[in-house]
Amino acid sequence: MTLRVGIIGAAWGAFAHLPAWRAIPGVDVTAISTSREETARAAASRLGIARPFWDAAAMCADPDIDIVDCGTRPSFRKAMVLAALANGKHVYNSSPHAPDWAGAKAIDAAWRASGSVGVVDAFAQWIPAHRQMKAMVDAGYLGRALGGTCHFNISLFNQPNTRFPYNWFAEAGQGVSAVRNNGSHALYMLLHLLGPIEELVADDSQILREWVFEDGGSIVPETTDFANVILRFSSGLTMQMQISWSMPLHDGWSIDVFGERGRLIATSPTFPTSRDCTLQGGQIGGTIAPIDIPDAFKSALGIALDWQSDLQPSFPMAVSMQHMVDAIHGGKSPSPDFARALEVERVQEAIRQSSAERRWITVADIV
């Protein structure tokens, strides 16, 4: 049975999600929705999609759509996700998963009541270097994990551009910040790699007080852009996580974890992709050296993309989508699913509370 997909959003959804869906057999992207009729019709014509929508609720209710791919701002998206679930649709949702903790709980309740498959567009775990890292951790390469660091620092607004489509990141109330956006992607990977987080202490602050454009205009941001968090995992491992979208000459993505027997380091110059994310490691008595990635992680059976495809986000995204399709057809549970999304949102809420109250927070106390 062919699964019919409707995509909400013609920016990132058209650039990365559409090629990923089209790479998967048994899937047909039949609809696209934007906020206005003229842009919806133009996007559908440009992208070769049969059905334009300019009312996301109508798309979510349409009986000829099986999967709703929800893009756009978290503050807008919550209602769309809830509408899709209420209409029995499977949902592929962007990250941040919700605008806040209350929204995350509302989505979780609706998802559990729906029987639908819900997957989050946090595909870091499907990047080849990360898949190899996970396999080595699970095989005992590190021994008992002890500590490490995770950095995800990029430069979005140090030299801002008026044409950048995400300048709304400055606005309060949209469900975004550096730690909610960049940090959510880091947390999905860390929870997948290292297991649950037991407690944390955090400082989430704003370091870039004004975004000054080349034409002399400026924005005073209302969101935080620099977070430092100490994470204590249930395993006993302690990790320092630093997140920012305001670091000039940024250091990009790094997960560096060590244990009693060895150390593994995954790095990327910016948002991690299949081609530029690399893995190094070493064990006691040796040195840190590059680790080869098995061919089995560089492609996927039936997917018409691989790790070298030019649309770099689309390959690991397609792997995640393929697992979602398999789950819809009765296969194994997909990942990261909406249960993992609630776990990430719980950690995000713990970070918010810790920074506001200047104290350690036990994650299980967030209810």
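How close do the axes of helix α4 and helix α5 come, and at what angle do they cross? In this predicted model, the axes of α4 (residues 74-86) and α5 (residues 101-114) come within 9 Å and cross at roughly 10 degrees. Axes here are lines fitted to C-alpha atoms, for helices over the stretch in contact, with angles running from 0 to 180 degrees between N-to-C directions. The angle makes α4 roughly parallel to α5 (under 35 degrees). The crossing of α4 past α5 is left-handed, meaning that the near helix is turned anticlockwise from the far one by less than a right angle.

On the α4 side, the contact (heavy atoms within 4.5 Å) is made by Lys78, Val81, Leu82 and Leu85. From α5 come Gly103, Ala106, Ile107, Ala110, Trp111 and Ser114. By class, this contact has 7 nonpolar, 2 polar and 1 charged residues, with Gly counted as polar.

Turning to the whole protein, there are 9 helices and 17 strands, taken as DSSP runs (H or I, at least four residues, for helices; E, at least two, for strands). Of the 367 residues, 55% count as buried (under 20% relative accessible area, 1.4 Å probe, protein chains only). Among contacts between residues at least 6 apart in sequence, 68% join residues at least 24 apart. The C-alpha atoms fill a box of roughly 60 × 50 × 40 Å along the principal axes.

Residues are numbered from 1 along each chain as its sequence is written, and side-chain values use heavy atoms, leaving out hydrogens and water. Local features need pLDDT of at least 70 and side-chain atom pairs count only at pLDDT 80 or more, whereas totals for chains, interfaces and linings use all residues.

Notes
Parallel < 35°, antiparallel > 145°, perpendicular 65-115°, else oblique. Buried < 20%, exposed > 50% of the residue type's maximum accessible area, 1.4 Å probe, protein only.
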